[in-house]
Structures are given as structure tokens and as C-alpha cells.
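Q: Please take one part of this model, the interface, and look at it closely. Keep it brisk.

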Amino acid sequence: MSEHVSNHNNVSRRDFLTALGLGSGAMLLLGGCGSKTLDLVDRPYKGPYWALAVDYAKCAGCRTCETACAAHNNPLKHNGKTVPGLGNPRLANIRVHSFNPDVDVPVSCAMCSDEPCIAACPISPDAKGRKALYRDTRLGVIRNDAQRCIGCGSCAEACADGRTAILHLDELTRRPAGMCTLCDGEPQCVISCPYEALSIVEIKPGQIYKGLPAHQVAGELAQQWYGLELQGV
Amino acid sequence: MAGISGGYFGNILKVDLSSGSAQRVPIDEKDYRLFLGGRGLGIKLLWDNLPSPGAESTSPATPLIFMPGPFSGLPLPSCSRTCVITKSPLTSPLNSAGPGDSTLTYANVGGFFGPELRMAGFDGLMIVGKASKPSYLVITDGRVELRDAGHLWGMGTDEFEPALKKELGDNRFQIMCIGPSGEKQVSYACIIHTAARVAGRGGSGAVMGSKNLKAVAVLGAKVPPVADHPLFLERLEECREIYNGMISHFLRDMMRGQGTAWFLDMNSNDGKMSVRNFREGTFEAIEKIDGDAAQKEIWVRSYACYCCPLACKKSGRVRTGPFAGLVHDGPEYETGTMFGSNLMISDLKGVVRQIFHGDDSGMDIISAGAVIGFLMECREKGLITPAFLDGIDLRWGDASASMQMIEKISKRQGIGDLAALGVRALADEIGQGSHEFAIHVKGQELAAWNVQANPVKGLCYATSNRGACHHSGDNAQAQDFTAMIDSTGLCAFATDQDAPILPGHSVKTVSENLAAVTGLELSEDELRQTGERIYNLEKMFNFLEGFRREDDVLPERFFKDAFTVGSEAGAVLDRAEFKQTLDEYYTGRGWDPITSRPSEATLNRLNLTEIIRAT
């Protein structure tokens with residue numbers, strides 16, 4: 001996958017959609033080269049290193065990924081030990097959108113290289129150059145500093161504006177939620193997927209990478225698979 | 001026995017559409033213990049809440065019950081099922097004391113609704129009453145709202161769900177809806193989820209239509225509690241491995257590959273398929289409509305229900321010919337047979353078109369296929385005139401003539417008004433010996449598994465508690481197993497059918513999962529007995545509705561019309577043998593072989609005496 005991507009430094013979003021699972025050639029590459037866990041190196045941030053790739057032709061829409069994500073990222077204390085939660089899909093950082101005609105589109109934080117969510121954050125950068133919403137230098141994931149965050153929702157609005165819209169304000173805490181954590185190197189969605197539809201791809205610095213809204217991907221797939229316009233939301 | 005310490009919210013949501021009120025109704029711990037959830041708790045609720053035996057299925061007081069199980073809403077694999085329990089508008093006993101006498105029905109559907117209902121915090125949903133005008137129900141966690149559906153009434157199910165999600169502004173809602181057939185109370189109208197998942201049998205859609213209820217939409221944010229968290233995590237990990245392994249992969253890949261359509265070819269070869277209104281068991285043109293053909297010409301992708309690794313559902317697209325551009329599911333085994341070989345239709349695209357319209361109008365394709373097959377045979381035999389069929393030239397193999405009937409039925413126009421009542425009503429009207437090939441038991445039509453070369457299926461159809469049903473189980477043990485599985489939220493396709501050689505969720509798995517989730521410690525035998533208890537309560541329900549042994553009969557065809565083609569040519573049921581099998585069945589069950597009533601000793605052994613006496 002990485003080789004395939006590096007030949008296209010200025011790919012359009014449409015091209016990327018193709019590269020990430022719609023073209024049959026790309027699907028093979030993903031199947032062969034996408035990895036299940038990450039080789040973590042602590043290094044200064046130069047670009048988003050990893051993002052979740054979906055092979056839409058393999059995804060069956062079962063939502064196991066949502067439950068595995070939610071369980072890992074919302075652990076519980078049990079007899080003093082931290083254990084995974086039960087897996088409430090509402091708390092997941094990945095969400096499978098299902099449509100009619102039958103198309104299932106999992107979306108998660110794409111760690112967009114142009115960072116519209118961080119750009120929208122109104123909090124002034126601290127000494128480390130971090131706004132309340134910032135890029136983690138180890139994994140390249142987006143994190144939120146709940147102490148400085150004012151819960152204004154600008155980041156969620158930015159994500160909803162043409163990106164995956166996975167970033168949202170938590171209903172209880174009113175703080176940004178839904179950012180992918182990559183499960184600290186062991187992405188549970190990828191590991192648990194019964195259909196091997198998910199994998200992690202490396203995005204090299206300088207490459208443009210953006211998440212697309214589920215309905216846009218679904219519209220593309222509905223057209224390609226069924227020759228149909230998408231109905232509903 | 002340990003007490004319940006998880007798995008359940010402890011209540012169901014009861015909505016009265018007449019008064020517009022909603023309340024949480026607590027469920028006795030004892031009822032969970034005895035009936036688990038799903039189909040089992042559903043029959044108990046129907047038993048408790050039906051005003052009296054003989055109440056009309058479509059009268060406002062009849063409860064319409066949506067039941068997930070104790071595993072629903074948890075990420076355990078293949079626990080997506082919802083049982084819809086109510087009184088059937090389709091069935092009635094031979095010797096009826098009143099017009100309302102009918103069996104219960106329990107239609108079982110996968111997808112995402114049951115899990116979502118539990119995420120909203122309810123162990124079930126019971127709807128009574130009748131809305132003053134077409135309405136739909138919206139359940140968002142603890143909030144319940146009844147909204148006007150006037151602008152949605154009449155809409156087909158394919159269009160409906162996206163339209164409602166748009167109106168609700170959130171595509172996370174899970175929806176059950178009826179189509180025009182349900183609105184018009186076609187006796188075998190069904191309830192549809194995600195355009196192609198169907199709570200199909202027994203006319204639950206007509207009951208929903210009689211309540212002026214177009215749809216139920218639910219959205220929840222909770223996850224059910226579990227009794228033993230670390231144990232649950234262990235169980236989850238183990239269950240996710242059930243379909244990994246060599247034999248398991250074979251079965252898994254069979255489901256992913258062709259789903260139930262895998263049986264089309266196999267059953268035709270084995271003489272077990274419903275062909276030409278059940279006259280034959282083998283379809284000579286099977287290769288034109290089987291799974292291989294669908295894979296080549298129609299299917300686009302496989303998709304799955306909540307947390308299920310099997311993905312047995314197939315979406316499809318007609319790519320060429322007059323129906324090019326049509327997009328829908330299937331064929332599956334049942335839909336492909338009942339709208340295919342049972343009507344001698346070998347035009348696969350025509351089959352898919354019928355399936356689309358059957359689902360879109362919200363009718364049970366199994367019953368509809370039997371109705372149309374029956375009329376084709378009556379026409380061929382000259383028992384009815386062209387005028388009786390409103391001029392439709394209903395010939396074997398003609399998919400477009402069949403399409404016209406489907407439309408007539410869903411609109412209840414002309415002949416469709418009578419055909420909407422099922423084959424028995426048609427045979428009553430047509431007479432001339434047509435009852436012999438009116439393929440139903442107790443008024444409900446048989447499914448796509450034919451009987452002449454498959455006597456155990458004959459027992460299954462004759463003794464099923466919802467009229468003819470292929471799913472119930474081919475002997476008492478299988479019936480009890482299925483009743484138990486249907487009460488957990490688990491899908492029967494993901495079980496080992498209580499045969500240790502097969503992969504899948506076993507009784508042992510259920511027992512261990514139940515202990516981790518609820519704290520209930522039920523041994524494998526106790527779980528099988530739970531299934532038996534459920535089956536017996538259903539039987540008692542039917543008994544009070546006037547069903548007796550004389551209702552456990554098969555159509556004459558199966559004893560008279562030996563197959564003429566295929567590997568089982570010559571096969572026909574032996575009357576004496578069948579009677580003996582039934583005798584042994586009643587005796588084995590502890591039921592009176594004359595009346596078929598469960599004996600006091602049986603009811604007592606199953607802890608049902610008190611429940612039955614209380615009514």
C-alpha cells in the first residue's frame with residue numbers, strides 16, 4: 001500500500017478513495033500489505049503515520065469493530081484491575097453507516113494531514129505549541145486536553161464539514177470524542193474484524209490524506225455496485 | 001440455582017396506542033428464569049396480556065410483542081434476533097368456537113433492531129391498543145413518542161426506511177415497519193427491517209396494521225449490564241473463535257458464499273424442494289435459479305447482522321434485461337423456492353423482481369408463493385375461470401402473471417382480496433376437492449421444504465405451534481432446542497443444532513454465556529427443558545384456542561401424489577406410518593394422543609401448572 005500511495009503525492013480525494021479500497025488492484029495491495037499492529041517508534045511528529053483503511057468490498061456491516069473499539073477505549077476498573085468495557089457501540093471511535101441499497105461504510109478519524117479540527121480549535125497554543133485539540137507526537141493521533149478545552153464544538157463542526165464527522169461532542173462531558181487512539185498500537189477494530197476488512201496503512205509525510213463523509217463514500221459505492229443513487233441520510 | 005444479577009434491565013416498555021401512554025412494566029425474576037426472553041418470554045407475556053382466549057388477533061387489545069433476548073445488545077457474535085410474538089390472523093382450528101380462535105405466532109428476524117431496543121434500556125416492547133390515525137413510534141432511550149404517519153402510509157418498505165431516517169435526522173435509528181400489505185391487513189403480511197430482513201410468518205404485519213402503526217424506530221445509548229464482567233470477556237473471546245477452525249471455516253464460508261441459497265441446488269437434488277405447488281420435490285431447471293446462477297448474475301455482496309461472522313445475506317442487482325436496475329436481496333432458499341420452483345419459474349431475474357415486490361409490499365413470501373402456486377394449479381385443472389382471476393393468465397412459470405397477483409394481493413383488489421386470506425380461504429371458496437392440494441397446516445402455508453421424501457419435515461409442519469413452519473424442528477428435541485435458542489437472541493443458523501459434530505453455538509455455550517451474562521446457572525439439560533417449557537406453554541395457548549389433534553394434519557397431497565421426477569421419484573408419505581410417528585410424538589412429549597393436550601404431569605414437571613391455572 002505504501003508504495004502505491006507514494007507514487008501519488010498529490011492525489012485528489014477521489015483518487016484516494018480509489019486507492020483505499022474501491023479499485024480491485026488496491027484491494028489486493030491492502031489485503032497483502034495492511035498490518036494488524038503497529039511498530040511503535042517514539043519520534044517527533046512529521047506527519048500522520050497511520051490511518052485506518054477499509055476494504056469496502058470485504059466489510060459486511062456487522063459492527064464488531066464498533067464494539068471492540070468501545071470496549072478497549074472505555075475500560076473499567078474491576079477489582080483494582082483495568083479491563084475492557086462491554087463494548088457499547090455508542091462510545092466507539094469507529095462507526096459503521098448502513099444504507100439502502102446495501103452499502104456499509106465504517107468511518108473513523110482519518111487523522112487528516114491538513115487537520116481542520118485542530119485549525120478550528122480557538123484555544124491558543126501552549127509552550128509545546130499545542131491547542132486544546134492537538135496532534136500526539138508519538139502515534140500521530142488527535143487528542144484533546146480536557147483541562148483547556150472549553151467544549152465549544154468548533155472541532156466537531158470542522159469534522160462534519162466534508163470529513164468523516166466522527167469527531168463529536170460527548171453527550172455527557174461536552175468534550176470532543178470519537179478521535180481514533182490506534183489503541184496504542186494494537187487497533188482492536190482491525191484485530192476483531194471477522195471479515196478482515198480493516199487494516200492500518202502508513203501515510204508518509206507530505207501525502208495528502210483526508211477522511212470522506214460516509215454518505216459520500218456510500219454514494220460512490222452505490223453507484224459503482226448498483227448503478228443507483230443513494231437514498232435517505 | 002443462583003439468582004439473576006445481570007443481563008436484564010428488569011422491565012419491558014408497554015405502549016398503549018389507544019390512550020397514547022407508555023410505561024415501564026417490571027418483569028418477575030421468575031419469568032426470566034423460566035422463559036429467558038425472546039420467544040419464551042414473549043409467549044408468557046402474550047399468555048398474561050391477551051384479554052381472553054379467542055380474542056381476535058386484529059382487535060386493539062391483542063398485544064404485539066417485540067422481544068430480543070438476554071444476549072441481545074451485547075457484542076456476543078450472532079445474537080441479533082428479535083422475535084415478534086402475537087396472535088396469528090392466518091390460523092384457526094377446524095372446529096372453531098369463535099371467529100377469533102387462532103394460534104400464536106412468533107416471527108423471528110435478524111439485523112439490528114433487537115440489540116438497539118436493549119440499548120434503549122428495555123428487555124422488550126409490548127404494543128397494545130390502536131392509534132386513532134396512521135402513526136409511528138419513536139423510542140429514544142427512555143423517551144417514547146407517537147408521531148403522525150399519514151404522509152408515510154402506503155409507502156413501500158424499500159423506500160420507507162431511508163425516508164424515516166431522513167425525517168428523524170439520524171441514520172442510527174433501527175426500524176421495523178409494515179408495507180401496504182400490512183396496512184391492508186393481508187393475513188400473511190409481515191414486518192420488515194432494513195428493507196430485506198423479515199419477521200415473516202404468521203401475519204404479524206397485519207396485526208401491526210390493525211393498530212394503525214406504520215413503524216417502530218428505536219435508538220439507544222446503553223449496553224445491558226452483565227453479571228460477571230471478567231467471565232463475560234472470556235466468554236466473548238471464546239465465542240468469537242467458534243467459527244475459526246477447519247470445519248468451522250467450511251460452514252462459515254458456505255454461509256458467506258451463498259447463504260441459505262446453498263440449499264436450492266442441494267434440496268432439489270435430494271427431492272426436498274417445494275416444486276409445482278408441492279407436487280414435486282425436484283426442479284428440473286434448478287441450475288437457472290440456484291445459488292451459482294445468482295452468484296454469477298445477481299449478487300453484489302454479502303452482509304451481516306449485528307456482530308455476526310456469517311454474513312448470510314446477499315444483496316443483488318439485475319444488470320440486464322427488462323428489469324435492469326432493480327436492486328434487492330436474494331434469492332435466499334425460501335424466497336427463491338416459493339417464488340421460483342414452486343411456481344415453476346426459471347427466470348431468475350423474474351424471481352428477483354417478485355421478491356422485491358413481495359418485500360416492498362410487506363407480505364410473507366412463503367405464504368404468497370404457496371397461494372399463487374395453489375391458484376396456478378386450480379387454473380391448470382380448470383377449477384377456476386379466467387374471470388375468477390380477474391383475467392390474469394396465471395400459468396406455471398409465468399413470472400409476470402405472478403407479479404400481477406402479488407400486486408392484487410397487496411392492494412386487496414379483486415381476487416387479491418380473497419387471496420390475501422391464504423390458501424385455505426381460497427380452497428373454501430373454490431371447493432371441488434381443491435383442499436387436497438391447498439398446502440397449509442392450521443391455515444398457515446408450508447415453506448420451501450417439501451414433505452413426500454422428507455417425512456420428519458411432515459411432523460415438523462404438523463406439530464409446529466404457529467401452523468406449518470419449517471423452522472420449528474423435526475422432532476420434539478429439535479423443537480425444544482429451537483424454542484430455547486429463539487429465546488436468547490441467538491440466531492439458529494449460528495448454532496450446532498444440538499449436534500456435537502457441527503460447529504456453532506451449542507447448548508453448553510448458551511449455558512456458559514447465560515451464567516456470565518445473567519448469573520443464571522442453568523445446566524444443559526435445564527436449558528433443553530426451558531425449551532420444552534416454552535413449547536408446552538405455546539401448545540397450551542393453542543389448546544385454549546380450540547386446537548386439537550385433528551388440527552395436526554398434513555394436506556392430502558403428501559399421502560396421494562407421489563413424486564414423478566428426480567432422485568426421489570415415487571416418494572409419498574405413508575399414512576399409517578405418519579400416524580404412528582405422531583402417536584409416538586405425543587406420547588414422548590407427555591401429551592394426550594387423543595386431544596393432544598399436555599398432561600397435568602407434564603405441565604407440572606415443567607413448572608407450568610401455576611401459570612396455566614392462573615388464567
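**Where the chains meet**

A: Chain A and chain B have 21 residue pairs in polar contact, both residues at pLDDT 80 or more. A polar contact is a pair of N or O atoms within 3.5 Å; within protein, one must be able to donate a hydrogen and the other to accept it, and residues adjacent in sequence count only if both atoms are side-chain atoms. This is a predicted model: local features need pLDDT of at least 70, side-chain atom pairs need 80 or more, and totals for chains, interfaces and linings use all residues. Residues are numbered from 1 along each chain, chains are lettered from A and ligands numbered from 1 in the order written, and side-chain values use heavy atoms, without hydrogens or water.

The rule also finds 1 salt bridge across the interface (a Lys or Arg side-chain nitrogen within 4 Å of an Asp or Glu carboxyl oxygen). Its partners are B:Arg301 and A:Asp104, at 3.0 Å from N to O. On chain A, the side touching chain B takes at least two residues from each of H4, E2, E4, E5 and H8. Helices (H or I, at least four residues) and strands (E, at least two) are DSSP runs, numbered from the N terminus. E4(A) gives the most, with 4 residues. By class, this side has 17 nonpolar, 15 polar and 5 charged residues.

Now the whole interface. In all, 37 residues of chain A are in contact with 47 of chain B (heavy atoms within 4.5 Å). The buried area is about 3,300 Å², and carbon and sulfur atoms give 54% of that. Buried area is the accessible area (1.4 Å probe) that two parts lose on being put together, summed over both.

Methods
Ala, Val, Leu, Ile, Met, Phe, Trp, Tyr, Cys and Pro count as nonpolar, Asp, Glu, Lys and Arg as charged, and the others, Gly among them, as polar.
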